[in-house]
Amino acid sequence: MSKTKGENSRSGRLAAHLLSFLEAKREAIPEMLILTHDYPDPDALAAAFALQHLLAQGYEIKSRIAYGGVVGRQENRAMVELLELPAYKLRATDFERYEHVALVDTQPRFENNPFPASERKPTLIVDQHKPVSSPDAELALIDTGCGASCVIVARALLIKGIEIPKPVATALAYGILSDTQDLYRANRRDVVNTYLEIIHNCDMHILAKIRNPVRKRGFFSGVGRTIEGASAYRGLLVSHLGEVHNPDLVAQMADFLLTYENSRWAFCTGRYDGRLYLSLRSDRGRTDAGEVLRSVVDNPRDAGGHGTVGGGSFALPEEADEEAWKEAETRVQARLAKRLRIPARGEFRNPFKR
Ligand SMILES: [Mn+2]
């Protein structure tokens, strides 16, 4: 493969750092654990898959891809199954077994992964999210403008001229499309170029199947509850889903609500495994939804995001009853309304009731 354009771009420079780091360290790294966030999205899965390929083909480093939670969204499950993407639930012994850990699409001190940041330091970070505190790793590659974290790894494969097999290319294309809203939020030329260089190796048939997955019953009842419980005021559309079977549904419903013609902001919450999950979406390209959400939760580490997408979660006490959950939902909604300068006296109404 010929040398590619973009080595002078930000993602190209970070990718070059990654390559020279691995070149220097290869002897010292026999194997690596690649850790994504707990409920990995297409970008996290693609970045992990591509990094695994780079480590194996470029440096003979074996690796295992792991996540703490579950692969929830039907699209993401289809991605894992159809591409035979080897991502596994983290085992209790993994952190003992692997001396070297790479974090992708997340950072050591973020609450969305189980990395024991107070006890140890990861070997590598590849991420696009704004750090809460300066991220500590042997090599931290953070590019908040790269559209998707997997762009950095894709760039590294392209620069090194490693052949990209169809499943990896398809994962990368979907990761980029998914995190940039079909390139709409790809604000830099190197991001679009990376996508264009990858797309030649893609399996478009599988990509289409991933993007239009067969959906389970739980998804439709989730849509029903979202609409049923929706309320809106001055462009802010909110729905509290209550108990959910997987926290990805909260994000998916926020995406869905944002498509309503009168919504400028969509906010959803859901209860899962003792935590209240939050998702915020904005239709304004220049906003930082993660930053907005951080001001809504008690601990800023509990939320984050990039561009128009924000997410997070926080734990409620084990003894929390229905009233306590309701109170938490009301509190985050009120703080959000205040932050968006929507009058507290405003009355939220369900816009979909006939
Ligand atoms: Mn991402």
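Two strands count as paired here if DSSP finds at least two bridges between them; strands (E, at least two residues) and helices (H or I, at least four) are DSSP runs, numbered from the N terminus. This is a predicted model, in which local features need pLDDT of at least 70 and side-chain atom pairs count only at pLDDT 80 or more, while totals for chains, interfaces and linings use all residues. Residues are numbered from 1 along each chain as its sequence is written.

**Stop 1: the parallel sheet**

Start by selecting residues 31–35, strand S1, and residues 101–104, strand S4: they pair in the parallel sense over three bridges. Click on Ile34 and you will find its bridge partner, Ala102, in S4. Now bring in the rest of the open sheet, whose six strands run in the order S3-S2-S1-S4-S5-S6 with parallel pairing. S3 (87–89) and S6 (139–142) are the edge strands; each has a single partner, so one side of each is left without a neighbour in the sheet. Neighbouring strands are turned by 25° against each other on average, direction ignored (axes are lines fitted to C-alpha atoms, for helices over the stretch in contact, and angles run from 0 to 180 degrees between N-to-C directions).

**Stop 2: strand S5**

Next, select S5 (124–127). Buried means 20 or more other C-beta atoms within 10 Å of a residue's own, exposed means 12 or fewer, and partly exposed lies in between, with C-beta atoms placed from the backbone.

**Stop 3: helices H2 and H1**

Select residues 42–59 to see H2, which lies across S1, S2 (62–67), S3, S4 and S5 and runs at about 170° to S2. Then move to H1, residues 10–25. Its buried residues are Ser11, Gly12, Leu14, Ala15, Leu18 and Leu22. Down the helix axis they fall within an arc of 165°, so they line one face of H1 (the arc is that of the directions from the axis to the C-beta atoms). The face turned away carries the exposed residues Ser20, Glu23 and Ala24. Among the elements covering the buried residues are H2, S6, H5 (150–160) and H7 (189–199).

**Stop 4: two cores**

A nonpolar core is a set of buried Ala, Val, Leu, Ile, Met, Phe, Trp, Tyr and Cys residues joined through C-beta atoms within 7 Å. The largest has 62 residues, of which Ala50, Leu51, Val153, Ala171 and Leu172 touch the most other members. H2 gives the most to this core, with 10 residues. A second, separate core of 32 residues includes Ala230, Tyr272, Val292 and Leu293.

**Stop 5: helix H10 and Ala232**

Select residues 248–258: nine of the 11 residues of H10 are buried, so this helix is largely enclosed by the rest of the structure. Those buried residues pack against H9 (217–228), S8 (236–243), S9 (265–272), S10 (275–282) and S12 (309–315). Finish at Ala232, found in S7 (residues 231–233). Ala232 is buried, with 20 other C-beta atoms within 10 Å. Leaving aside neighbours within four places in sequence, its contacts (C-beta atoms, placed from the backbone, within 7 Å) include Leu237, Asn262 and Phe348.

Note on methods:
Contact = placed C-beta atoms within 7 Å. Expected span 1.5 Å × (residues − 1).
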